[in-house]
Amino acid sequence: MNRFVIADPDKCIGCHTCEVACVVAHAGNNMFVQEESGADFYPRLTVVETDEVTAPVQCRHCEDAPCANVCPNGSITSKDNSIFINQDSCIGCKTCMLVCPYGAITMVPAHKGGQKQLQSGLRSNTSGAWSRKERIVANKCDLCEDSGKGPECVRVCPTNALQFIVPSQIEDSISRKRLASAQSLQQFSGFSRL
């Protein structure tokens, strides 16, 4: 069973701290010393606010991941109980973004070593000048795998609205629910004599 992060909308106050923490965790360089024009803000989760609910939405690392099933070149794979996008081989076709039932995948400019990557062959004409077009790739929650400390959004949430779920927690929860269900049957004992 895959690991994932889920939000409790009763605890979320819509402060967007999780989005900022996500961007900082994935910044290749110190974004606090960059020029404002050079800073990109592409969180891998999105706080959704309506009249009824406020909660961050992100990849649920689906067991039968639709994004991986439709990826034409195998750039989305299962690894260590999670679903990952290899941005180095992603061709930016957007198919994964279209099939994600949570809207958790976005398309962003590719970066390497803190620099935007450009396509080798495709050029665009903007403002009357031809230039190499930037490379766009799929982007989603990776559970901050490279940090080794777990999801940063969970760590910084001021209200503990986000929870990192691992398979053993789910199994414990199911066991507790089954036990409670079995115990609730005591009130019906003797029904077979009806």
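**Reading salt bridges and a surface patch**

Mentor: Lys116 and Glu134 form a salt bridge, with their closest N and O atoms 3.7 Å apart. This pair links distant parts of the chain, since Lys116 sits in strand 8 (residues 115-116) and Glu134 in strand 10 (residues 129-134), 18 residues apart. Keep in mind that the model is predicted.

Trainee: Why does 3.7 Å count?

Mentor: Because the cut-off is a side-chain nitrogen of Lys or Arg within 4 Å of a carboxyl oxygen of Asp or Glu. The structure holds five salt bridges.

Trainee: Which residue forms a salt bridge with Glu145?

Mentor: Arg3, with 3.1 Å between the closest N and O atoms. Glu145 is in the loop between strand 11 (136-139) and helix 4 (152-156), while Arg3 is in the segment before strand 1 (4-7), 142 residues away. Glu145 is partly exposed at 27% relative accessibility; Arg3 counts as buried at 16%.

Trainee: Where do Arg155 and Glu152 lie?

Mentor: Both are in helix 4, three residues apart, about one turn of the helix. Arg155 is exposed at 56% relative accessibility, whereas Glu152 is buried at 15%.

Trainee: Which residues form the nonpolar patch on the surface?

Mentor: Val20, Val24 and Phe41, with about 230 Å² of accessible area together. Val24 lies in helix 1 (residues 17-26) and is partly exposed at 32% relative accessibility.

Technical notes
Residues are numbered from 1 along each chain as its sequence is written. This is a predicted model: local features need pLDDT of at least 70, side-chain atom pairs count only at pLDDT 80 or more; totals for chains, interfaces and linings use all residues. Side-chain values use heavy atoms; hydrogens and water are left out. Patches are made of residues with over 30% relative accessible area and no salt bridge: like charges are joined within 9 Å, nonpolar side chains (Val, Leu, Ile, Met, Phe, Trp, Tyr) within 5 Å. Accessible areas come from the Shrake-Rupley method with a 1.4 Å probe; for residues, only the protein chains shown count as cover. Helices (H or I, at least four residues) and strands (E, at least two) are DSSP runs, numbered from the N terminus. Buried means under 20% relative accessible area, exposed over 50%, partly exposed in between (1.4 Å probe, protein chains only).
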